[in-house]
Amino acid sequence: MKDSSAAIHPDSVMRSTIELMEPLGPVTNAFLSEDTAFFICAQAVAAISISNSMFRVKISHTMPTPEDVVPLACPMPIKPLVLEDVGGEYQLSSSGLTLFIKKSKLGIRAETAGGLPICEDVPEGILVSQTPMGITCRKQYQGEAIYGLGEKTGYLNKANTENSMWNSDVYAPHVPEIRELYVSIPVFYVVGQDIAYGIFLNNAGKTTFSFNDLSSVSFGTTTGDMDYYCFFGKTLKELVDQFTVLTGRVPQPPRYALGYHQSRYSYESEDQLADVASEFRRRRIPCDALYLDIHYMDSYRVFTWNPLHYATSRDTIHHLADEGFHVIPIVDPGVKKDEEYDVYRSGLLQNAFCAYPDGSLYLGEVWPGESVFPDFTEPHVREWWGNLHHSYVDSGVVGIWNDMNEPAVFNETKTMDLAVIHGNNGHPMAHEALHNAYGHYMNQATYQGMKKLLNGKRPFVLTRSGYAGTQKYAAVWTGDNRSFWEHLALAIPMLLNMGLSGLAFCGADVGGFAFDTDGLLLTRWTQMAAYTPFFRNHSGIDAVRQEPWQFGPVFESAIRKAIERRYMLLPHIYSLFYEHRLSGLPPMRPLALEFPGDPHTRDLCDSFLLGQGLLVAPIYRPDTNVRSVYLPQGDWYQENTNRRFEGNQYILATATIDEIPVFVQAGSIIAMQGVVQHTGQAADTLIFHVYTGGEGHYRYYEDDGETFNYQDGVYTVVEFNLSFSTGGLELVVKIINHGFEATPHRSTFLAIHGVRKPVLVSESNAPYALNQQFRDNILFVEVPNLLIKDTRYHISSE
């Protein structure tokens, strides 16, 4: 009946949650305790603490405790408070931030030191409902756009939308009206002209976010505490920085994780896997990873190998490693209930599985049949699960693909019984209150277990489900999309908001997972995805094969060129992940992040930036060779022609079958390398492309790409500053850290764009011109010492 008009029968349509709520009530008492202010109401207690440019509000039906329901990477440092009674309000002050708490109806207004209001509750104050025991906050809008919310369909700007968080296994086509997918990141950013603020609601149960009222934004809980952090600044960049300080940032990925990955449900035998690997190398299409879906297992039991089709998996994996391939098997949380199955038996001995309050195990149907599910909220269970990965590591596996970890169950609710109790490290809670964190804790268990087993090598974990902070442990892909042109377009704003929400290492299944792709769609999707952080082609069991060569030589050639482009850009992408570790900024960025004052970028989500100045304009409609592209302020070079355009305008850009429009802003510097077949090969050239006509800054990073030695200073960072000077441009190169020796036998060049003829390029401490060649309107200058010593280069204007 849900799929017919009966779903909108007047008797079936519920009133809005807001209509069923009432104000929390007057504040009857207030006091300070350990730098936290408590405000007592009849139905709840609010605890407020303050830090620099941030405050936390925790409202509970019992006395709030300082613990976070899901621990943060860096808990908010609390500043000393001053609490004053000023008539109809309490005034709470600390660190240049003042909060006013209304007495008649609990409501909060924050003000900066300059008196600018931030994150102000509407006059009705904070609202509460009795069934369920939910709490809702409504804030005055004060903005022009809303970003964030993680993995959501629809456009980039989330104003005028309704959303909720409940990790769900969604195989149905992903469309804009779907409010819940696999990942829940309960954070949003309100961006206005003078001020921007973010709200992070740290609640792992079902939460709601309503932005349909143009005068206010609301967010609410249905179980657990209302526990939110409000942080503010002048720009979206400042908000992303603060949120990722709280929840964590992506560690430097292993270099192979940034290459091209190939997957299918399924490569059902070692022979199939080996044939695919052989075709990549024979056809000279770069690839770094091959994935194993559930058919590699023995009757879909995790941590096992199919005795018939993967009987010599260890030998196969080691052989593929010699060819530059990393094999990444899928792992689901469901453990088959089978007394003969050692993982089930050891889990029982460890008291590792989720259970009801009476101690009986929760049983759910998944791929292997009736199964039990680990309680990843318990540290000892995470350690047990992590150690189980030795069966993979012993076979040569260095990466894991976590799936079905919402957790997905084959029943009407599509998940675990909400009455199941999680141990939660000594603080038992029902699954209803921790549902959205289940996959997050599984990812933590996997990452930490693999890190321990790999003896100094970086693990790679890919996950379908997660929560705020999952980025510390895993990359995220957007789940079971479709081979639709609409889903190609949908992926762009989805990935952009995921990046803004901390999930900087993200991507979508290239070509689409379900339904049948075709050569043109696969080509255009690959061309777009070559510029996204995670780059994997994946298809379903009942869909056509979609390896790069499946649709004939024309499309194969175009796809090969796109993948080669990815490998040429790897030094740039790798450096952007270093920048993410410093600033929290994702490699893949909306134009609104870098050009916040431009109204044309506010809602723009059919193009994106890779870093600060490389603009990608995908072709996301069939049989399209011309599209409109907005170029923000500055001058821009079309990458394939070097043609220069003025910014602050829309242009019509053309595309061929083997290229999509890509532009680079004047003043940008982009590191690129020669083409390799996998990241284990050393590129013979490293080229820093310098786009003249503007000033800019660039930071280049490299390390061994494999170990954690970078955490001990074994890495190289080189800063480039490009500025105007008398008679031309000056490029200042400064070695920030030189703890890692660059790849030997590699030629290093500057490629100067924007010069019409050979010009003098010289080192400031050398009276002679450097070795240079002028071709295709680009001046190539060989600079052997570029990454070794501080140098100034002068680029003459004549």
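Modeller: Gladly, and please keep in mind that this is a predicted model. Let us begin with α11 and helix α12 (residues 570-583), whose axes come within 5 Å and cross at roughly 50 degrees.

Biologist: Are α11 and α12 roughly parallel, roughly perpendicular or oblique to each other?

Modeller: Their axes cross at roughly 50 degrees. Roughly parallel needs an angle under 35 degrees, and roughly perpendicular one of 65 to 115. The two helices α11 and α12 are therefore oblique.

Biologist: How many nonpolar residues does the contact of α11 with α12 have?

Modeller: On the α11 side, the contact involves Arg566, Tyr567 and Met568, which meet Leu570, Pro571 and Ile573 of α12. Sorted by class, there are no polar residues and one charged residue, and the number of nonpolar ones is five.

Biologist: Which residue of β53 is the bridge partner of Val733?

Modeller: Strand β48 (residues 728-738) and strand β53 (residues 791-796) run antiparallel and are joined by six bridges. In β53, the partner of Val733 is Thr791.

Biologist: Back to the helices: how are α10 and α11 oriented, roughly parallel or roughly antiparallel?

Modeller: Helix α10 (residues 519-529) and helix α11 (residues 553-568) pack with their axes 9 Å apart, at an angle of about 10 degrees. That makes their orientation roughly parallel.

Biologist: How many charged residues are in the contact of α10 with α11?

Modeller: From α10 the contact includes Leu520, Leu522 and Thr523, and from α11 it includes Phe555, Ile559 and Arg566. By class, this contact has eight nonpolar and four polar residues, and the number of charged ones is one.

Biologist: Which residue in β19 is the bridge partner of Phe209?

Modeller: Strand β18 (residues 207-210) runs antiparallel to β19, with four bridges between them. The two form a hairpin with five residues between them. Strand β12 (residues 135-140) also runs antiparallel to β19, joined to it by six bridges. As for Phe209, its partner in β19 is Phe219.

Biologist: In the open sheet of eight strands, which strands stand at the edges?

Modeller: The order is β2-β3-β4-β5-β20-β17-β16-β13, with antiparallel pairing. A strand with a single partner has one side left without a neighbour in the sheet, so the edges are β2 (29-33) and β13 (145-148).

Biologist: Which helix packs on that sheet?

Modeller: Among the strands it touches are β5 (54-60), β13 and β20 (226-233). Its direction makes about 140 degrees with that of β20. The helix is α1 (residues 236-247).

Biologist: Where do the buried residues of α4 fall, seen down the axis?

Modeller: In helix α4 (residues 342-349), Val343, Tyr344 and Gly347 are buried. They fall within an arc of 100 degrees, so they line one face of the helix. These residues pack against β24 (335-336), β26 (369-372) and α5 (379-388). The place asked for is an arc of 100 degrees, that is, one face of α4.

Biologist: Last one: is His389 buried or exposed?

Modeller: His389 sits in the loop between α5 and α6 (390-393). Beyond its neighbours within four places in sequence, His389 is in contact with Phe303, Ile400, Thr446, Met450 and Leu453. Its relative accessible area is 0%, and the cut-off for this class is under 20%. His389 is therefore buried.

Key
Residues are numbered from 1 along each chain as its sequence is written. This is a predicted model: local features need pLDDT of at least 70, side-chain atom pairs count only at pLDDT 80 or more; totals for chains, interfaces and linings use all residues. Side-chain values use heavy atoms; hydrogens and water are left out. Buried means under 20% relative accessible area, exposed over 50%, partly exposed in between (1.4 Å probe, protein chains only). The arc is that of the directions from the helix axis to the C-beta atoms. Contact means heavy atoms within 4.5 Å. Two strands pair if DSSP finds at least two bridges between them. Axes are lines fitted to C-alpha atoms, for helices over the stretch in contact, and angles run from 0 to 180 degrees between N-to-C directions. Angles under 35 degrees count as roughly parallel, over 145 as roughly antiparallel, 65 to 115 as roughly perpendicular and the rest as oblique. Ala, Val, Leu, Ile, Met, Phe, Trp, Tyr, Cys and Pro count as nonpolar, Asp, Glu, Lys and Arg as charged, and the others, Gly among them, as polar.
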